[in-house]
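Subject: Structure handover and notes

Dear colleague,

I am handing over the structure below, and my notes on it follow. Please read them with the coordinates open.

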Amino acid sequence: MCSSALCMICGRRLAVSTCPLCGRLMCVECSVQLDAPVRVCVECFRRNSHLGRRGLLALLREPRGMDEAARLALRVIPTPGRVT
Ligand SMILES: [Zn+2]
Ligand SMILES: [Zn+2]
């Protein structure tokens, strides 16, 4: 395990945590705190912004909901070169 992992979103700052939704390393600047220990990356936060903080927290607390959120997140990721 590397103790000085870089944030996978900005690639510049040291990661402080991993996003529970996409599993990427994220730094303080690239993450949003939902509740005391719970943080998600800004991208997942934006992607699920329609749920709000409470909705996201509810998803993270339920294993099934988390799976759903991950699937949802994957579906909404814009893929370059693909015209929709
Ligand atoms: Zn970052
Ligand atoms: Zn994420």
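A residue counts as buried if 20 or more other C-beta atoms lie within 10 Å of its own, as exposed if 12 or fewer do, and as partly exposed in between. This is a predicted model, and by that criterion L57, which lies in helix α2, counts as partly exposed because it has 16 C-beta neighbours inside 10 Å. Leaving aside residues up to four places away in sequence, L57 touches L34, D35 and V38. L57 and V40 are 17 residues apart in sequence, and their C-alpha atoms are 9.7 Å apart in space.

Helix α2 also holds G52, which is exposed because 11 other C-beta atoms lie within 10 Å of its own. Between the C-alpha atoms of G52 and L34, which are 18 residues apart along the chain, the separation is 9.4 Å.

Turning to the overall make-up, the secondary structure of the protein comes to 3 helices and 4 strands, and from the N terminus on these elements follow the order β-β-β-β-α-α-α. Of the 84 residues, 24% count as buried. Among contacts between residues at least 6 apart in sequence, 16% join residues at least 24 apart.

As to strand pairing, strand β3 (residues 31-35) and strand β4 (residues 38-41) run antiparallel and are joined by 4 bridges.

S17 itself is found in strand β1 (residues 17-18). Is S17 buried, exposed or partly exposed? With 18 C-beta neighbours inside 10 Å, S17 counts as partly exposed, because the count for a buried residue has to be 20 or more.

Which residues of the largest nonpolar core touch the most other members? The core has 15 residues, and those in question are C7, C19, M26, C30, V40, C41 and C44. At least two residues of this core are supplied by each of β2 (25-26), β4, α1 (42-47) and α2 (52-61).

The protein averages a pLDDT of 83, and 71% of the residues score at least 70. Among the elements, β2 has the highest mean pLDDT, at 97, whereas helix α3 (residues 63-76) has the lowest, at 62.

Best regards

Methods:
Residues are numbered from 1 along each chain as its sequence is written. Chains are lettered from A and ligands numbered from 1 in the order in which they are written. This is a predicted model: local features need pLDDT of at least 70, side-chain atom pairs count only at pLDDT 80 or more; totals for chains, interfaces and linings use all residues. Two strands pair if DSSP finds at least two bridges between them. Two residues are in contact if their C-beta atoms, placed from the backbone, lie within 7 Å. A nonpolar core is a set of buried Ala, Val, Leu, Ile, Met, Phe, Trp, Tyr and Cys residues joined through C-beta atoms within 7 Å. pLDDT is the predictor's confidence in each residue, from 0 to 100.
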